[in-house]
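Here is a short tour for anyone meeting this protein fold for the first time. Have a look at the model, then read on.

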Amino acid sequence: MELAYIPSPSSGVLYLGPVPLRGYAFCIIIGVFVAVWLGNKRWIARGGRAGTVADIAVWAVPFGLVGGRLYHVVTDYQLYFSEGRDWVDAFKIWEGGLGIWGAIALGALGAWIGCRRRGIPLPAYADAIAPGIALAQAIGRWGNWFNQELYGRETDLPWAVEITSSADGRMPGTYHPTFLYESLWCIGVALLVIWADRRFELGHGRAFALYVAGYCAGRFWIEYMRVDEAHHILGLRLNNWTALLVFLLAVLYIVLSARKRPGREAVVEPGAGDGDGEGPAADAKKTDGDATGKDAPAEEATTGDAPDTEDSGKPGKPDEPEASAEQEGAEEPEESKDGAGSAKKG
């Protein structure tokens, strides 16, 4: 008897009148908004303009969705093109099936196009949005819960997920919620990237590479637990090999990039901070202006307090007082008196 488990929704679709609201699509949309929101905050903190992340996301998100779907369809073609299957289902993205590897690869192409149009270096943009992508994945994985898919082996653990659907070869029961494991892992990766970026000031794409490496490490063991149909190579699922290869490439990039281009980009967006009043560049300019405004009155006050050397008649000693006429008059009679006395004596 199961004392506790995570129940699955009876349906992955909610209807707002005639309009269907699919849980899978809803999770993806929320994830995109979170990624753009966090990426925008990080971009501004790096010295970029507000809104730039969203502008580039207009290119990156559609490319990413197409890439994610293509990777899924190509690697699981039997689900759409084998006997008894309808190839039209390959276009039904709302029913689930997005490969993160294809989404990142083609999404990066879209981001590169957007960055090139704005004159922005892609590695700097990737560093800014890396934690947001991880959080978007964490939210998006709950779409698999709505569709009752991507679960692991059978278990009676209290956090097991209950599968009630018997469609597409599913067997009702309680299983490891691998979607939940991956969601929690992605949250951890996002926090790791944020911490490491603050601690080591990662630049030139290294924060993004850290996200990739961290995600792949978790995806490897989570993928190993899944029981859904997949292609195997040398006893391992295809996604296990993909995670291993991408992990090694990400680590190699971090090492080589740190040696070749240490530190962080000084400027991430040309012209940012000149007039928008945001970012470190604007703060530095504002600070310089404040310092100048404070120093100028002090200099003027000092100049105004200096004595007029023309009136003093003693340019070299402006603080030395002049002898008054009365003092001069008092000294002259005494000198005349002394002179008269000397004449009498002589």
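Contact here means heavy atoms within 4.5 Å. The model is predicted, so local features need pLDDT of at least 70 and side-chain atom pairs count only at pLDDT 80 or more, while totals for chains, interfaces and linings use all residues. Residues are numbered from 1 along each chain as its sequence is written, and side-chain values use heavy atoms, leaving out hydrogens and water.

Next comes the inside. A nonpolar core is a set of buried Ala, Val, Leu, Ile, Met, Phe, Trp, Tyr and Cys residues joined through side-chain atoms within 4.5 Å.

| Core | Size | Some members |
|---|---|---|
| Largest | 38 residues | Trp 43, Trp 101, Tyr 125 |
| Another | 8 residues | Ile 6, Trp 145, Tyr 151 |

Leaving aside its neighbours within four places in sequence, Tyr 125 touches Trp 43, Val 53, Ile 56, Ala 57, Ala 111 and Cys 115.

Finally, the outside: Phe 81, in helix α3 (residues 78-81), is exposed (over 50%), with a relative accessible area of 52%.

Technical notes: Helix = DSSP H or I, 4+ residues; strand = E, 2+ residues; numbered from the N terminus. Buried < 20%, exposed > 50% of the residue type's maximum accessible area, 1.4 Å probe, protein only.
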